[in-house]
Amino acid sequence: MSKGNEPSSSSASLPRYLEHLSGDGKAIGVLTSGGDAQGMNAAVRAVVRMGIYVGAKVYFVYEGYQGMVDGGSNIVEATWESVSSILQVGGTIIGSARCKAFHSREGRLKAACNLVRLGITNLCVIGGDGSLTGANIFQKEWNGLLEELAENGEIDKDAVKKHSYLNVVGMVGSIDNDFCGTDITIGTDSALHRIIEVVDAIMTTAQSHQRTFVLEVMGRHCGYLALVSALACGADWVFLPESPPEEGWEENMCFKLSENRARKKRLNIIIVAEGAIDIQNKPITSEKIKELVVKQLGFDTRVTILGHVQRGGTPSAFDRILASRLGVEAVLALLEATPETPACVVSLRGNHAVRLPLMECVQMTQDVQKAMDERRFKEAVQLRGRSFAGNLKIYKRLAIKLPDDKITKSNCNVAVINVGAPAAGMNAAVRSAVRVGIADGHRMFAIYDGFDGFAKGHVKEISWGDVGGWTGQGGSILGTKRTLPGKNLEKIAEQIRSHNINALLIIGGFEAYLGLLELAAAREKHEAFCVPMIMVPATVSNNVPGSDFSIGADTALNTITDTCDRIKQSASGTKRRVFIIETMGGYCGYLANMGGLAAGADAAYIFEEPFDIRDLQSNVEHLTEKMKTTIQRGLILRNESCSVNYTTDFIYQLYSEEGKGVFDCRKNVLGHMQQGGAPSPFDRNFGTKISARAMEWITDKLKGSQGTGKKFVSDDSICVLGISKRNLLFQPVTELREKTDFEHRIPKEQWWLKLRPLMKILAKYEASYDVSDAGKLEPLRHQQGTSPGEPAAI
């Protein structure tokens, strides 16, 4: 694919492109160390392919540090094809091992000797805090190690000069998400997938028998998996190492469980992190909890310990994309490193890849453990980071209902509505809004069947218990329609008056956005619309202006990725076969592009990047070349509206004709299966958190306005709530108007297009990649107040 225009080097403000960085003469060693995590292979693949793409040599270091110490056949040059077909494989293909030898200087001396002989002076380490600490020590000792090797006659003096410094970049691969400085580590999302699959399955059997289930999940020192899975399945109680229950928790928990049963709830779910403790630092085991429930309440109780299931299985779409982004960022960091560059770790903050000082992150991670050991639990939660603290706060608000007489009534009525096509995670968002609203003292109303139902008066009060068990259900329980409010403004205004609705939360896609604009415009004529209104984006297409992510898009992406995995397997069996797969998304190419990145596609055709017959021809030639290698299959994704004339059928026929004798073709239209299914952990968690934040905004707006007859007419009282890079932003819908391409129902600027060259590079195409955002090492404790909005931990 053609390279972009070369920017002149005269202006520092011009974008920097990958073409300006060269890996010629550089050698990169990549290793995985410590516990394995799903997505490590995607990271290895990205490092290898990006390294080769920029002209560097890349070496596999098998079996972690042990392989580095042993040398020989453990350090092998990687080729483009050696990382083919590993994206969908869990664990790590280059192996991982604990290594005692590397703890000693003697072991590190052997490792340095093995690396220098191959000219490797760049290390990419994928592992946990122990592995990264080892790499940092190695970097600091490097020069001394080489001088000692030269003195012993194992290497010559020239080698010491030539390879005088070692660059180290780390990526955190850990299912526990226990590393400070990153919002989410490689493997965490996949582990949550395994846990939620089990919880969903257990819930059906528990419901049949009215049972209580105690589920033990991994997390010896970190309760992230336990906390997020409790949030994602609406568990009754959760035990974490960082936030032990208060004295007398036994009575409180039993009271809560029996109260839930009294409310006609047929099952109880208790989630325990394996490292759960009480405030005296004594362990709380799953068996102990079971005995307590049986003894105090007599409930039929079972224990399920998930164990290593959580480490296994195929990586989720999120982990594959995360690992691919970080792998590419790691290679860029190594290319730009100088002798003065300290070891850094590449990680994700909000939706932004950043580089952080490795040892600061390690130190902060160790500080958490120290705080827990010293029983400074509140501090431990804060040190874990904004994501963890935010999750804990929301879990507590949603899981435990205060008695009615302890809730200060606001005398406000707040309504929730779903608009547009169904998206997985909508129900989690509704549940969260209803419960936060009730906890804030509002009366909550559900509007059924979108604006259509609103006009017809399908409005009903909804209680705390009504939304129990909603998080794991796909689709939209309230019902949703694409109808806009424009035709029924009079009737909707009448319903707002008759139910005395003081604020409105809209959960939906592009129709919800258009509806919000219509309601904003109608404020002049209809006083009833002068109430706070906020929209939370929920659509598989991810095409709502004002947000990088929409509820439902992650579930759709996982459906596409799973299907592509199966199709690739089928194609590998038959050999010389190319599949053309059509994805949803309207004119928005998000699903096709990110699905292509997660599934390892050869090309993805999207509306945002126009293509012509020459591009199609070039892709056919590329596949013809590929069939000469050992990877004899192809995968092409096409967004449903990417071109009026180059339809899926046309592309299928063209490929079939041009590939005659070299490969044959099949096509597959994924259709509405992308909208269905149980929501992914990401969508449940994201829906729950963003919707809770929207309700807090409503509560802030309504405070003090009751009884004053205040009318909300300003632009900032009708907003879209979304994530932009690393911030959570409330943006007035009228301000987003000029950022919208209304004809094609997409934002004018879309962040993910910056990742498009990444997909092409990893599929062996030439591409112009803007690396302007990369390259700056950031302080770990990020300065607050430097950007608009509030930090958005994903």
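1. Helix α22 holds both Arg693 and Glu696, which stand three residues apart, about one turn of the helix. Helices here are DSSP runs of H or I with at least four residues, strands are runs of E with at least two, and both are numbered from the N terminus. The two side chains form a salt bridge whose closest N and O atoms are 3.5 Å apart; the term requires a side-chain nitrogen of Lys or Arg within 4 Å of a carboxyl oxygen of Asp or Glu. Both Arg693 and Glu696 are buried, where buried means under 20% relative accessible area, exposed over 50%, and partly exposed in between (1.4 Å probe, protein chains only).

2. The model is predicted: local features need pLDDT of at least 70, side-chain atom pairs count only at pLDDT 80 or more, and totals for chains, interfaces and linings use all residues. Residues are numbered from 1 along each chain as its sequence is written, and side-chain values use heavy atoms, with hydrogens and water left out.

3. Glu696 has a further partner, Lys393, with 3.6 Å between the closest N and O atoms of that salt bridge. This pair joins distant parts of the chain, since Lys393 belongs to helix α13 (residues 386-399) and Glu696 to helix α22 (residues 681-702), 303 residues apart. Lys393 counts as partly exposed because its relative accessibility is 48%. Glu696, at 16%, counts as buried.

4. Both bridges are part of a salt-bridge network that links Lys393, Arg397, Asp440, Arg693 and Glu696. Over the whole structure the search finds 37 salt bridges. Another of them connects Asp404 and Lys401, with closest N and O atoms 2.6 Å apart. Asp404 has a relative accessible area of 51% and is therefore exposed.

5. Is Ser691 buried or exposed? With a relative accessible area of 0%, Ser691 is buried. This serine also sits in helix α22. Setting aside residues up to four places away in sequence, Ser691 touches Ala429, Ser432, Ala433, Leu505, Ile507 and Val536; contact means heavy atoms within 4.5 Å.

6. An open sheet has seven strands in the order β3-β2-β1-β4-β5-β10-β11, and the pairing is mixed. Two strands pair if DSSP finds at least two bridges between them. At the edges are β3 (75-77) and β11 (352-357), each pairing on one side only. Neighbouring strands of the sheet are turned by 25° against each other on average, direction ignored; axes are lines fitted to C-alpha atoms, for helices over the stretch in contact, and angles run from 0 to 180 degrees between N-to-C directions.

7. Six bridges connect β10 (residues 344-349) and β11 in the antiparallel sense. In this pairing, His352 of β11 is the bridge partner of Arg349. Helix α10 (residues 317-336) packs on the sheet and touches β1 (27-32), β4 (122-127), β5 (167-172), β10 and β11; the direction of the helix makes about 140° with that of β10.

8. Strands β12 (residues 413-419) and β13 run parallel and are joined by five bridges. Within this pair, Val416 stands opposite Ala446 of β13. Strand β13 (residues 443-447) is mostly covered, four of its five residues being buried.

9. On the aromatic side, 18 pairs are found in the whole structure; rings of Phe, Tyr and Trp (its six-membered ring) pair if their centres lie within 6.5 Å, with planes under 30 degrees apart counted as stacked, over 60 as edge-to-face and the rest as tilted. Such pairs link Phe318, Phe549, Tyr590, Phe682, Phe686, Trp751 and Trp752 into a cluster. Arg261 lies over the face of Phe299, 4.3 Å from the ring centre; the criterion is NZ of Lys or CZ of Arg within 6 Å of the ring centre and within 35 degrees of the ring normal.

10. Which residues are in contact with Trp249, leaving aside its neighbours within four places in sequence? They are Trp237, Phe239, Asp278, Ile284, Lys288 and Leu292. Trp249 lies in helix α8 (residues 249-262) and counts as buried because its relative accessibility is 5%. Between Trp249 and Arg105 there are 49 Å, C-alpha to C-alpha, at 144 residues apart in sequence.

11. Ser208, in helix α6 (residues 188-209), is exposed, with a relative accessible area of 52%. Ser208 and Ala273 are 65 residues apart in sequence and, C-alpha to C-alpha, 26 Å apart in space.
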